[in-house]
Amino acid sequence: MHDVIIVGGGPAGLSAALVLGRCRRRVLLIDAGRPRNAVTPRMNGYLGHDGTPPGSLRETAHAEIARYPTVTVDATEAVDAQRAEPGFAVTLADGRQERARRLVLATGLSTELPPITGAEAFWGHGVHHCPYCDGYENRDAPIAVYGPGARAKGLALELTAWSRDLTLCTDGPAPDLSDEDRARLARQGIRLDERPLEGLEGEDRRLARVRFRDGGALACQALFFAPAECAPSDLVRRLGCDLSPKGTVPTRDYEQTNVPGLYVAGDASRRVQFAIVAAAEGAMAAFAINTELLQEDTR
């Protein structure tokens, strides 16, 4: 019986493991090694690590966690989890079952790429969804904004903080853009292109242009898209967590969920999806868990 099982080895899970290790808690960190930001060359906006490759941060974090003998790291995927009084049972892909008094899900979200030829090839290298993460690197550059209508309009307006060379590509007619929407875009100098897209083109993983089905092209350094609702891990659903319309978990103070003893930290929780925020959430969850366990053990 572990004190805590943490599923997910991104900033949230690693931070929780570090804090709990320093509390001398028996921790199992299950990290299958597939972080959401694996394709990103740099992790931006993380104080002290701005511009650091995500893999480098993970290596540093694992080296720090290794100093704490009560923390064990397992690279096997967690395939199931359930309540098992007095805590939780997590089933791994090799059939093993691990038990813990508390459970932290730091599994993040999966991002669905837009249905454009070339989107996967340029993902993280010209195709982005977060202006706070990648807007500065494309400041004052020609940027395409992809989306079928009103939701992409908001992203295009948001991107004016980083560039004024913006084109909203709706991939076909956008009837949900009202006359007022179109006028607002025009006032901000945002061009609107409703031609259907053919795909994305570039060289050496560097995006160069958007190609339209009519043969035309739009030169751009980056394409930002407004993602659809992101999908959380199946473990979140199986354990009975409440979900918001956006697919995130509406956590309470210190990342507590509606399921007693279960915490969700990182991108799958209610806050903004920044790596530095995820790390803070992991630390807050660890603090709350250690406090709970202390109260149980000294009752």
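Student: Which residues does Glu98 touch, not counting residues up to four places away in sequence?

Tutor: The model is predicted: local features need pLDDT of at least 70, side-chain atom pairs count only at pLDDT 80 or more, and totals for chains, interfaces and linings use all residues. Numbering runs from 1 along each chain as its sequence is written, and side-chain values use heavy atoms, leaving out hydrogens and water. With contact meaning heavy atoms within 4.5 Å, and with residues up to four places away in sequence not counted, Glu98 touches His2, Ile5, Leu28, Phe88, Ala89, Val90 and Leu92.

Student: Is Glu98 buried or exposed?

Tutor: Glu98 lies in strand β6, residues 97–105, a strand being a DSSP run of E of at least two residues, numbered from the N terminus. Buried means under 20% relative accessible area, exposed over 50% and partly exposed in between, with a 1.4 Å probe and protein chains only. Because its relative accessible area is 18%, Glu98 is buried.

Student: Which residue of β14 is the bridge partner of Val210?

Tutor: Two strands pair if DSSP finds at least two bridges between them, and strand β13 (residues 206–212) pairs with β14 in the antiparallel sense over 3 bridges. In β14, the bridge partner of Val210 is Leu218.

Student: How many disulfides does the rule count?

Tutor: A disulfide is a pair of cysteine sulfur atoms within 2.5 Å. The sulfur of Cys169 has its closest cysteine sulfur in Cys220, and because they are 7.5 Å apart, this is too far for a bond. By this rule, the number of disulfides is 0.

Key:
Helix = DSSP H or I, 4+ residues; strand = E, 2+ residues; numbered from the N terminus.
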